[in-house]
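I'm opening my notebook on this one. I want to look up how its pieces are arranged, one bit at a time.

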Amino acid sequence: TLDSIRQKVDDAVLCVPDFPKPGILFRDIMPIFKQPKLVSNICSAVASHLRESFPHGITAIAGLEARGFLFGPQIAILLDCIFVPIRKLGKLPGATIKASYVKEYGVDTVEIQQGILSPNDTVVIVDDLIATGGTMRAAMEVIEATQAKVIECFVLIELEALEGVKVLPEHCNFVTLLKH
Ligand code: ADE
């Protein structure tokens, strides 16, 4: 269950002061991958949580580049649903749906491929971490532009002080494993 892995994830995450800039306390999640059984337990716990929350099924897991790609496809395989990559601008061929968000300096854009989702899809967005929430909000916008339903946004770590959840739409069902 999510409760049974929370402490283990907290113990594995490395907090690095002043990276990548002075004043930032960077949460390095990569040490989780030094414990393959923990990786597998995380993905199983998230899949079980989603099965219980949505007994009528989930048709797609959408993962945010880059660290959402570490967990999203594994969870999608466990749930036997498709994985949809949400990527930074210019990485996906063909027609795409785009949404932009404001960062500390300038604007960034995420996109998904057109035609990959339809109004019948029920989608869970997965990422490792939510900070200011801009990327997650843009991710919801590109998914919802297809008329698919975003039934949950799941992250391993929420940086509570940055209040990223507040920039998400009111209707968003947001779930966090671990609050920092
Ligand atoms: N992305 C945005 N803020 C971050 C932080 N403090 N640690 C890791 N990833 C981040």
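Predicted model: local features only at pLDDT ≥ 70, side-chain atom pairs only at ≥ 80, totals over all residues.

**Helix against helix**

I began with two helices: helix 2 and helix 3 are oblique to each other, as angles under 35 degrees count as roughly parallel, over 145 as roughly antiparallel, 65 to 115 as roughly perpendicular and the rest as oblique. Their axes come within 9 Å and cross at roughly 55°. Axes here are lines fitted to C-alpha atoms, for helices over the stretch in contact, with angles from 0 to 180 degrees between N-to-C directions. Helices (H or I, at least four residues) and strands (E, at least two) are DSSP runs numbered from the N terminus.

Who makes the contact (heavy atoms within 4.5 Å)? On helix 2 I noted, among them, Val39, Ile42 and Leu50, and on helix 3, among them, Phe71, Ile75 and Leu79.

Residues are numbered from 1 along each chain as its sequence is written, and side-chain values use heavy atoms, with hydrogens and water left out.

Seven of them form an open sheet, ordered 5-6-4-3-7-8-9, with mixed pairing; two strands pair if DSSP finds at least two bridges between them. Strand 5 (96–102) and strand 9 (174–179) are at the edges with a single partner strand each, so one side of each has no neighbour in the sheet. On average, neighbouring strands are turned by 20° against each other, direction ignored.

I then checked strand 8 (residues 149–158), which pairs with strand 9 in the parallel sense over five bridges. Glu158 stands opposite Lys179 in strand 9.

Both helices turn up again here. Helix 2 (residues 36–53) packs on the sheet, and its direction makes about 145° with that of strand 8. Helix 3 (residues 68–79) lies across strand 3, strand 4 (82–88), strand 7 and strand 8, and runs at about 165° to strand 4.

**Aromatic rings**

How many aromatic pairs does a search of the whole structure find? I got three, where rings of Phe, Tyr and Trp (its six-membered ring) pair if their centres lie within 6.5 Å; planes under 30 degrees apart count as stacked, over 60 as edge-to-face and the rest as tilted. One of them is Phe19 with Phe26, edge-to-face, 5.0 Å centre to centre and 80° between the planes.

Note on methods. Contact = heavy atoms within 4.5 Å.
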